[in-house]
Amino acid sequence: MRYLPHTDADRRHMLRAIGVADVDALFRDVPDSARLDKPLDLPRHQGEMEVERAFARMAMKNLSAGCAPFFIGAGVYRHHIPAAVDQLLTRGEFLTSYTPYQPEVSQGTLQYLFEFQTQVAILTGMDVANASMYDGATACAEAAVMACRVTKRRKVILSGSLHPHYRSTTETALQYTDMKTDLLAPDPMGMEDLIGRVDSQTACVIVQNPGFFGGIKDLTPLADACHADGALLVVAVADPVSLGLVAPPGAMGADIVVGEGQSLGVGLGFGGPGLGLFATRDRYVRQMPGRLAGQTADIDGKRGYVLTLSTREQHIRREKATSNICTNSGLCALAFTMHLTLLGETGLTRLAEINHANAVRLEQKLRRIKGARVLQRSYFNEFALYLGDEVDAAVVVDRLADKGVLGGVPAARFYPDYEELVPVLILAATETNSESDMDALVAAIEECL
Amino acid sequence: MPESFPISGTISGNRALQIEEPLIFELGSDGRLGVDLPDPAPVDEDRLAGCRRQGRIGLPDLSEPQVVRHYTRLSQKNYGIDTGFYPLGSCTMKHNPRLSEKMARLPGLADLHPFQPQKTVQGALEVIDSLAGWLKDLTGMPAVAMSPAAGAHGEWCGLMAIRAYHEDHGQGHRRRVLVPESAHGTNPASAAMCGFTVDPIPARDNGRVDVDALKAKLGDDVACIMVTNPNTCGLFEDEIIEIARATHAAGAFFYCDGANFNAIVGRVRVADLGVDTMHINLHKTFSTPHGGGGPGAGPTVLSDKLAPYAPLPFVVHGEGGLRLVEHVAEAGGAKPFGRMKGYHGQFGVFVRALAYIMSMGSDGLRQASTDAVLNANYLLARLSDVLTPSFDGPCMHECLFDDRFLKDTGVTTLDFAKAMIDEGYHPMTMYFPLVVHGALLMEPTETESKETLDAFVEVVRGLAFKARSGAAADDFKSAPRYTPRRRLDETLAARTPVLRWKPGANATAQAAE
């Protein structure tokens with residue numbers, strides 16, 4: 001077996017050195033009733049060719065995004081990833097290293113995490129960011145818990161503009177604690193009144209900007225209202241490419257920014273793994289969950305990096321830790337930071353402009369469809385399209401797929417209980433969409449209505 | 001022409017292949033590009049609701065060759081499994097097959113969106129379903145929740161299912177969780193997230209759970225016990241069946257921390273031990289890369305009693321193919337406790353784990369756990385006369401030593417570990433588990449050859465003799481010497497946190513301010 005170096009002679013020699021007759025003796029503590037004497041009746045080992053064939057068969061059963069006019073977003077975005085990202089990502093020193101607990105042999109990981117933290121802080125307009133969390137949804141739940149810890153309050157208001165998975169992940173995280181969620185109805189029109197709900201019991205309000213249904217808001221008045229009542233404003237960002245063009249949450253008064261980093265460097269990957277972005281103000285650093293890389297010096301006075309402020313974390317604080325998280329999404333954070341480094345100021349700004357221009361172009365083309373309208377005036381690269389009375393967006397999406405078009409997500413997939421969302425289709429446009437893709441989508445929708 | 005140069009050392013500060021590398025923020029120059037993008041189409045009127053960003057973002061501009069060199073140089077400052085032996089106990093640093101990477105990059109698996117119509121992703125659902133099938137077969141358990149993103153996330157999953165079960169059966173008052181003192185810190189932290197209180201169980205002198213103490217603590221307010229098996233000392237809990245029996249008799253559940261499942265795959269099914277739920281670290285047992293600290297995945301197996309509470313989403317076999325259940329209403333009467341993360345789990349990790357499992361097969365998986373245990377016992381046998389093993393008898397996949405062998409030498413476990421770095425090895429896990437003094441926990445894994453182990457043994461023996469010679473403490477204290485950076489000041493980092501670069505920061509002295 002190609003991953004196992006021992007020969008039978010090696011094994012015999014080692015057993016002799018240990019002083020046992022056979023390897024079963026090493027398992028003597030396993031109760032007899034639980035011992036398996038032979039391999040389970042399951043398929044045996046296979047060579048690379050056989051495994052590749054099996055995966056090729058499974059891959060062929062899927063319609064991959066690159067093979068279709070593709071307009072799906074809803075929290076996971078298809079952006080072009082420069083070739084250098086994946087080539088560098090597979091370097092074994094990155095891929096096969098562990099958490100950088102021994103900093104002298106982990107300066108590569110620690111420095112890129114420090115650079116990543118800086119990029120996320122800059123991009124979100126915040127003071128400081130952690131080394132990443134599992135994904136945007138778990139980062140959002142962690143932000144709710146942190147806000148309760150900071151304010152010593154128990155009520156978390158979840159906006160109807162927030163990604164439904166972020167909402168349900170946060171609700172799940174709080175359900176067996178003394179923290180409570182105040183869940184607003186989904187808000188496809190961007191009309192909800194959050195300011196009116198903030199009170200002296202509120203730990204935080206969590207909104208998404210641009211919202212799940214596309215709309216962009218100046219959150220400054222909401223931030224002011226939160227702060228007037230002693231609450232925090234948490235802002236989620238689903239596509240960090242938007243921050244190339246849209247004012248960052250930090251500039252609008254956010255106290256915590258969470259987000260999904262997948263759209264830079266990581267690719268679609270059927271939704272996982274991604275990476276949770278988490279940024280906040282300096283004054284809350286010690287209340288922050290998750291791993292942090294920090295700068296220091298070595299005994300020769302040279303600049304270097306270590307994991308730091310670990311007294312917040314579970315391996316020291318156990319049940320009193322800020323979170324049970326014991327990892328970050330290191331390799332995805334590396335992909336993110338490499339993609340963003342390649343883009344730089346100039347590239348990210350241009351990429352964001354292209355995304356916005358493509359979304360505007362798509363909206364213009366969709367106007368041809370009788371009865372259809374984009375629900376909100378503002379958006380970045382994604383919007384909610386009302387397809388017309390009596391139209392079931394899920395049926396349309398299903399028929400589009402039959403034509404080889406991956407044309408958005410029906411809003412009802414997330415909110416099956418909201419009748420008014422049945423005709424709503426969520427569509428995203430990125431730099432990967434050509435003019436002909438857009439024409440194909442519009443034509444296909446017309447045929448499917 | 002008078003120019004200054006150092007008498008010793010190099011002019012650049014570099015040492016051959018060890019090249020100093022600035023931060024990206026110190027490399028950028030406005031107007032460079034690392035990605036060529038077309039000009040954006042003109043937009044008559046933007047739709048940004050007056051929220052257009054004002055001024056510069058503040059990111060550096062670099063060209064592609066600069067970027068490639070930057071990350072290549074950073075990679076050269078890292079030690080990975082590909083570099084050498086990495087006996088980091090409890091972390092299972094084994095070879096990461098490249099076939100798994102190749103499969104995860106097939107466009108038909110990588111370039112899929114989680115919200116495509118389900119009929120267009122039947123192959124992806126088949127990957128999830130096939131892996132779930134293997135995990136159930138290998139553990140003997142009837143159900144598995146695939147969405148947990150990591151080991152700690154899986155712990156939380158199992159505990160949430162337990163809490164949901166108790167709430168649903170009028171047992172919501174069961175809030176106490178019994179956790180051995182040797183447990184990983186995530187265990188109590190995960191319990192706290194479910195509103196549970198943690199009650200520690202002491203260990204016996206032989207490194208196992210004190211079963212009498214555990215029984216004395218059981219009661220009708222106990223929700224579950226959390227026991228790692230094989231445990232964090234690398235030992236199999238020999239009274240596990242009695243522990244499970246007593247726990248069940250008290251109306252509580254048995255959460256098994258499956259971090260060390262790699263020691264017993266194919267040789268023991270945890271269902272036969274009386275386990276009700278256990279997470280499986282795919283990044284340990286099934287060889288998906290650790291990636292410098294994630295991403296991993298922590299699918300969590302569940303007994304029949306707990307299965308109805310498994311979180312959303314999950315895959316079921318339906319008419320016309322596989323179906324992803326995303327809402328309670330579609331769950332066929334099940335009572336999912338909620339949703340743990342976005343989308344459908346760590347799919348890219350699933351592909352890698354399944355490729356590994358299919359490569360190994362039932363025979364290879366059993367041989368892997370056997371060789372892992374063999375290798376650990378070989379290290380234990382060959383080092384026992386110079387180091388101080390903490391417990392008698394054979395170990396499982398890792399061997400634990402404490403620092404008695406360093407008594408009165410002036411050398412600590414930390415110093416010993418740092419000296420190993422200079423010898424070209426990644427150190428073992430230090431100071432964990434907490435139940436022995438100055439722990440050195442070594443996990444060789446099955447993918448290391450006898451030659452590698454023999455060479456390592458010679459080095460460790462040499463270092464032990466050197467430490468005990470009594471004259472080498474200063475030498476140990478000043479290790480490592482040959483790394484890109486020597487010992488780093490962690491106190492300074494925590495006392496004056498510098499967690500990001502800022503414009504105008506001095507490249508050399510910022511931390512010392």
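## Briefing: chain A, chain B and their interface

Chain A comprises twelve helices and 13 strands. The model is predicted, and every value below is computed from it. Between them, chain B and chain A bury about 17,300 Å², with 210 residues of chain B in contact with 192 residues of chain A.

**Chain A overall**

- Taken along the principal axes, the C-alpha atoms of chain A fill a box of roughly 80 × 55 × 50 Å.
- Chain A has 449 residues, of which 68% count as buried.
- When contacts in chain A between residues at least 6 apart in sequence are considered, 72% of them join residues at least 24 apart.

**Interface of chain B and chain A**

- Carbon and sulfur atoms account for 62% of the area buried between the two chains.
- The rule finds 19 salt bridges across this interface.
- One of the salt bridges pairs the side chains of B:Lys102 and A:Glu52, with an N to O distance of 3.3 Å.
- Polar contacts link 104 residue pairs between chain B and chain A, counting pairs in which both residues are at pLDDT 80 or more.

**B:Thr72 in helix α1**

- B:Thr72 belongs to helix α1 of chain B, which covers residues 64–75.
- B:Thr72 counts as buried because its relative accessibility is 19%, under the 20% cut-off.
- A polar atom of the B:Thr72 side chain lies 2.7 Å from the backbone oxygen of B:Val68.
- Across the chain boundary, B:Thr72 touches A:Leu88 and A:Arg91, leaving aside residues up to four places away in sequence.

**Helix α5 of chain B**

- Helix α5 of chain B runs over residues 151–168 and contains 18 residues.
- From first C-alpha to last, α5(B) reaches 26 Å, close to the 26 Å expected at 1.5 Å a residue.
- α5(B) is mostly covered, as 16 of its 18 residues are buried.
- After α5(B) comes B:Gly170, which has a positive phi near 65°.

Note on methods. Residues numbered from 1 in each chain as written. Chains lettered and ligands numbered in written order. Predicted model: local features only at pLDDT ≥ 70, side-chain atom pairs only at ≥ 80, totals over all residues. Heavy atoms only, no water. Helix = DSSP H or I, 4+ residues; strand = E, 2+ residues; numbered from the N terminus. Expected span 1.5 Å × (residues − 1). Buried < 20%, exposed > 50% of the residue type's maximum accessible area, 1.4 Å probe, protein only. Contact = heavy atoms within 4.5 Å. Buried area = accessible area lost by both parts, 1.4 Å probe. Salt bridge = Lys/Arg side-chain N within 4 Å of Asp/Glu carboxyl O. Polar contact = N/O pair within 3.5 Å; in protein donor to acceptor, adjacent residues only side chain to side chain.
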